[in-house]
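Please read these notes with the structure open. Each point covers one topic.

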Amino acid sequence: MRPIKFFDLSRQHKKLVRELLAAFRSVTRGSAFILGKEVSSFESAFAKCFGFPYAVGVNSGSDALYLSLIASGIGKGDEVITSPFTYIASADSISQTGARPVFVDIDPVTLTINPRLLEAVITKRTKAVVVVHLFGYPADMTRIMKIARKHDLIIIEDAAQAVGAKYRGRNIGSFGDLACFSFFPTKNLGALGDGGMIVTGNHDTAVLLRKLRAHGMFKKYHHDVQGINSRLDTLQAAFLGVKLKHFHAWSERRRSLAARYTRALAKVGDLRFPPSAEGYRHVYHQYVLRTGERDALREFLDAHGVGTEVYYPLALHLQPLFKELGYVPGDLPNAERATREVLALPIYPELSNEEQSYIIKIIKRFFKDNP
Ligand SMILES: *Cc1c(COP(=O)(O)O)cnc(C)c1O
């Protein structure tokens with residue numbers, strides 16, 4: 001067996017090269033590289049595909065979060081709650097506005113924010129919650145929305161890893177006041193560079209976001225709010241339009257690979273599996289196992305040519321960046337424990353069944369040799 005990379009985009013692009021080149025030719029012919037028509041076409045196609053009223057393309061998922069917070073009026077003196085077990089952007093978008101990130105521990109099974117712990121950290125300064133649908137699994141939106149309504153909090157969904165995920169039949173991204181998506185190349189719907197999208201059900205918010213992504217411009221060279229330069233690139237929008245057509249098939253493939261891993265590895269060693277529950281449609285941006293033998297298993301797989309990854313090795317409340325917030329080890333035990341136990345396996349749509357069988361075989365062998 002040849003080495004199996006943790007992630008391999010070249011396989012996807014090999015299949016799509018004709019379609020992508022046609023998109024490239026069309027954009028270069030028109031030469032409208034900034035906010036060309038492909039941007040608004042992709043915004044409409046994305047909105048329609050997932051049932052979002054308004055979609056605004058921006059430069060990245062990180063900018064989507066930052067601009068969502070700014071559009072919500074969040075800044076210095078405010079507190080915003082989020083998960084400590086996620087990518088840095090879920091939290092440093094908060095500190096970038098001048099607001100203070102407040103971390104709430106995760107549920108030990110779903111690895112998403114634990115709604116039962118949310119109310120205890122709400123103060124009169126709390127303005128919003130950034131809810132992360134981690135690895136493609138929806139957070140518990142029923143409980144979270146109930147708390148948000150009770151305390152008048154803005155909900156921003158960080159759906160960077162969860163495009164196409166559903167909760168009780170509804171698309172992730174349609175629950176909060178705003179939701180943010182990332183088209184970072186490795187995401188389930190990835191561009192050939194950076195890209196992001198903000199969706200909302202509020203027309204005025206969408207209008208404001210369109211200004212914020214273009215230096216607060218409401219008319220050529222006339223500006224009325226403080227914005228930044230963060231536009232979805234026209235070429236990227238054209239590439240994303242190509243990929244959106246294949247997206248459903250890719251999601252189904254990820255889900256079937258995940259189901260096979262879980263079936264084949266049931267009762268092997270001390271392995272614990274990604275969450276699954278009635279009403280939750282997981283899209284497996286990552287397939288993340290948990291084991292007390294994480295580091296040894298990772299080394300064993302590596303020695304047998306199988307790439308893996310650890311998302312995430314250090315919880316956000318313990319990052320040197322957030323030292324001033326005053327958290328210490330032990331404050332958020334479920335997040336800290338997860339950082340020691342999680343291991344992500346290869347799960348891209350182009351992974352072959354033979355490769356997956358090999359990965360499963362190696363994992364079984366590891367636990368047989370290390371009972
Ligand atoms: C990828 C990611 C982001 C940031 O997206 P970029 O497009 O890389 O800026 C934010 N939050 C989460 C959970 C992510 O996985």
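1. Tyr284 counts as buried, at 10% relative accessibility. Buried means under 20% relative accessible area, exposed over 50%, and partly exposed in between, with a 1.4 Å probe and protein chains only. Tyr284 sits in the loop between β12 (280-281) and β13 (287-290). Its phi is positive, about 50°, although Tyr284 is not a glycine. Helices (H or I, at least four residues) and strands (E, at least two) are DSSP runs, numbered from the N terminus.

2. A word on the source. This is a predicted model, in which local features need pLDDT of at least 70 and side-chain atom pairs count only at pLDDT 80 or more, while totals for chains, interfaces and linings use all residues. Residues are numbered from 1 along each chain as its sequence is written, and side-chain values use heavy atoms, with hydrogens and water left out.

3. Now look at Leu35. Its phi is near 50°, a positive value in a residue other than glycine. Most residues other than glycine have a negative phi, and most peptide bonds are trans. Leu35 is found in the loop between α1 (10-30) and α2 (37-50). Leu35 is partly exposed, with a relative accessible area of 37%.

4. Next, the peptide bond between Tyr311 and Tyr312. This bond is cis, with omega about 5°. Tyr312 lies in the loop between α8 and α9.

5. Which residues of helix α8 (residues 294-303) are buried? They are Arg294, Leu297, Phe300 and Leu301. Seen down the axis of α8, these buried residues fall within an arc of 130°, so they line one face of the helix. The arc is that of the directions from the helix axis to the C-beta atoms. An α-helix has 3.6 residues a turn, so residues three or four places apart point the same way. On the other side of α8, Asp295, Glu299, Asp302 and Ala303 are exposed.

6. What do the buried residues of α8 pack against? Their partners are α9 (333-341), β14 (342-345) and α10 (353-369). Contact here means heavy atoms within 4.5 Å. After α8 comes Gly305, with a positive phi near 80°.

7. Finally, domains and charge at the largest cavity. Its lining draws at least three residues from each of domain 1 (9-244) and domain 2 (247-369). The domain bounds come from an automatic or database domain assignment. By class, the lining has seven nonpolar, four polar and five charged residues. Ala, Val, Leu, Ile, Met, Phe, Trp, Tyr, Cys and Pro count as nonpolar, Asp, Glu, Lys and Arg as charged, and the others, Gly among them, as polar. A cavity is a set of points on a 1 Å grid over the protein atoms alone where a 1.4 Å probe fits but cannot get out, and lining residues have an atom within 4 Å of a point.
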